[in-house]
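Try each task before reading the solution below it.

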Amino acid sequence: MNQFSSFPSSLRRPRLRGVHRAVLFAAACALLASGCGGDSGTEAADRAPHKDGQQQGERRGAAPAAGLPGMPPLLDPNDLYAADRPNQLSPVVKDFPSRVYVPNTESNTVSVIDPKTYKVIETIPVGNQPQHVVPSWDMKTLWVNNDRGHTLTAIDPATGKKGRTVDVHDPYNLYFTPDGKYAVVMASMDRELVFRDAQTMKRKKTEPVSCKGVNHADFSPDGKYFIVSCEFSGELLKVDTAKMKVIGQQKLPFEGAMPQDVKIASDGKTWYVADMMADGVWVLDGDKFTEPWLMPTGKGAHGLYVSRDSKSMYISNRGEGSVSVLDLPSRKLVKKWELPEGGSPDMGGVSADGNVLWLSGRYDSEVYAIDTRDGHQIAKIPVGAGPHGLAVYPQPGRYSLGHTGIFR
């Protein structure tokens with residue numbers, strides 16, 4: 001979309017007024033298929049002690065909350081991203097070279113950037129229309145989502161070399177259940193959520209959806225549900241992880257809404273959904289799944305990324321070439337960083353040390369490196385055509401939930 005609807009810039013209105021809303025809850029309609037999945041692979045990341053010598057779930061003396069069976073318990077029940085501190089790399093990834101992997105949707109390639117030199121050091125040919133580069137749950141593989149090529153291409157992050165290609169239909173985006181058992185394919189054009197074995201990618205269960213354009217998601221702190229955005233019908237889904245079923249559905253209260261990235265705050269309670277047509281982020285209670293309210297941020301709000309100290313969220317505004325900074329504890333926008341020459345900041349991630357925000361320039365064949373301490377643009381790197389969901393790798397965390405890197 002090149003046109004963006006206007007919306008008042010004031011943050012004083014907690015809700016949209018005069019806009020019709022419809023909240024639909026999907027009824028359970030089929031029994032869960034049996035015979036699903038086996039061992040998800042390595043458990044090294046789960047067992048690894050952290051700097052303070054404590055095992056997961058022991059910090060602050062809190063007992064881990066009951067979650068999805070098999071899911072590693074939270075390090076800190078008060079901070080969902082406690083495992084993502086600067087340079088706190090898992091033993092699985094600590095020796096991987098630091099790189100930025102950029103899928104070029106229109107060039108059918110992945111540009112590999114060395115973040116020390118800010119230069120492209122390799123270009124890897126992949127399948128048709130690569131949309132995102134996604135770290136696997138066990139963090140050993142990067143999966144390139146070749147959406148229109150109907151394949152996933154594996155990249156070994158230890159060597160940077162291309163590996164096997166797996167046939168997977170319509171893999172617009174890819175997530176992993178918190179227990180590590182299943183990959184969840186966002187089959188956007190097929191209008192399906194497809195649950196596959198996280199290692200073999202063999203199809204286990206298909207959940208048809210009535211909305212259009214499933215694309216982004218995030219998981220609750222206990223892993224028992226996840227929320228999905230439906231770009232082309234302006235809707236949100238709530239999905240039971242264990243049952244692999246849609247249990248809630250609602251229409252966003254904005255005509256022409258196009259929700260994009262989904263991210264839960266560090267408090268584990270507040271959800272944010274970027275909307276490129278409403279020019280802001282929806283603020284949602286995920287547990288209650290009631291009607292959200294809109295916080296305007298800028299034209300074409302798109303990607304959502306949490307800082308290494310869990311206190312801020314970076315919001316890329318693709319339609320105006322800016323990044324808004326949200327203070328998570330207060331839920332207030334505190335800064336806006338303008339790219340000096342404009343651009344189209346889209347999807348990306350934060351460097352392992354937390355000092356650089358990397359974003360693709362979707363319509364400008366470039367990647368931006370932005371200093372998170374003061375917001376200045378460090379570098380602008382030419383890449384292929386249509387750069388989209390780039391992955392900064394490795395990043396801190398014990399396991400990956402997918403997309404361009406959601407680590408816990």
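This is a predicted model: local features need pLDDT of at least 70, side-chain atom pairs count only at pLDDT 80 or more; totals for chains, interfaces and linings use all residues.

**Exercise 1. A strand residue and its surroundings**

Task: Work out which strand holds V194 and which residues V194 is in contact with beyond its neighbours within four places in sequence.

Solution: 
- Step 1: V194 is part of strand β11, which covers residues 192–197.
- Step 2: With 1% relative accessibility, V194 counts as buried.
- Step 3: Leave out the neighbours within four places in sequence, and the contacts of V194 are A183, V184, V185, A187, R203, K205 and T206.
- Step 4: Now compare sequence with space for one pair. V194 and P208 are 14 residues apart in sequence, and their C-alpha atoms are 8.3 Å apart.

**Exercise 2. The nonpolar cores**

Task: In the largest nonpolar core, find which residues touch the most other members and which strand gives the most to this core.

Solution: 
- Step 1: The largest nonpolar core has 38 residues, and those touching the most other members are L174, F176, M186, M201, V214, F226 and L237.
- Step 2: Several strands each supply at least two residues of this core: β7 (151–156), β9 (173–176), β10 (182–187), β11, β13, β14 and β15 (235–240).
- Step 3: The most comes from β10, which gives six residues.
- Step 4: Take M201 as a case. Not counting residues up to four places away in sequence, M201 touches W143, L152, V166, V168, L174, F176, A183 and R196.
- Step 5: There is also a second, separate core of 31 residues, which includes I264, V273, L284 and L304.

**Exercise 3. An open sheet**

Task: For the open sheet of four strands, give the strand order and say which strands stand at the edges.

Solution: 
- Step 1: The order is β4-β3-β2-β29, with antiparallel pairing.
- Step 2: The edges are β4 (119–125) and β29 (391–393); each has a single partner strand, so one side of each is left without a neighbour in the sheet.
- Step 3: From one strand to the next, the twist averages 25°.
- Step 4: Look at one pairing. Strand β2 (residues 99–104) and strand β3 (residues 109–114) run antiparallel and are joined by five bridges. P103 stands opposite V110 in β3.

**Exercise 4. Backbone details**

Task: Find where N108 and F289 lie, two residues with a positive phi though neither is a glycine, and which residues a cis peptide bond joins.

Solution: 
- Step 1: N108 has phi near 60° and lies in the loop between β2 and β3. At 24% relative accessibility, N108 counts as partly exposed.
- Step 2: F289 has phi of about 55° and is found in the loop between β19 (280–285) and β20 (293–296). F289 is buried, with a relative accessible area of 2%.
- Step 3: The cis peptide bond joins Y393 and P394, with omega about 0°. P394 is in the segment after β29.

**Exercise 5. The whole chain**

Task: Say how many helices and strands the chain has and what share of its residues counts as buried.

Solution: 
- Step 1: The secondary structure comes to one helix and 29 strands.
- Step 2: Of the 408 residues, 60% count as buried.
- Step 3: The chain exposes about 15700 Å², of which carbon and sulfur atoms supply 50%.

Conventions. Residues are numbered from 1 along each chain as its sequence is written. Side-chain values use heavy atoms; hydrogens and water are left out. Buried means under 20% relative accessible area, exposed over 50%, partly exposed in between (1.4 Å probe, protein chains only). Contact means heavy atoms within 4.5 Å. Two strands pair if DSSP finds at least two bridges between them. Axes are lines fitted to C-alpha atoms, for helices over the stretch in contact, and angles run from 0 to 180 degrees between N-to-C directions. A nonpolar core is a set of buried Ala, Val, Leu, Ile, Met, Phe, Trp, Tyr and Cys residues joined through side-chain atoms within 4.5 Å. Accessible areas come from the Shrake-Rupley method with a 1.4 Å probe; for residues, only the protein chains shown count as cover.
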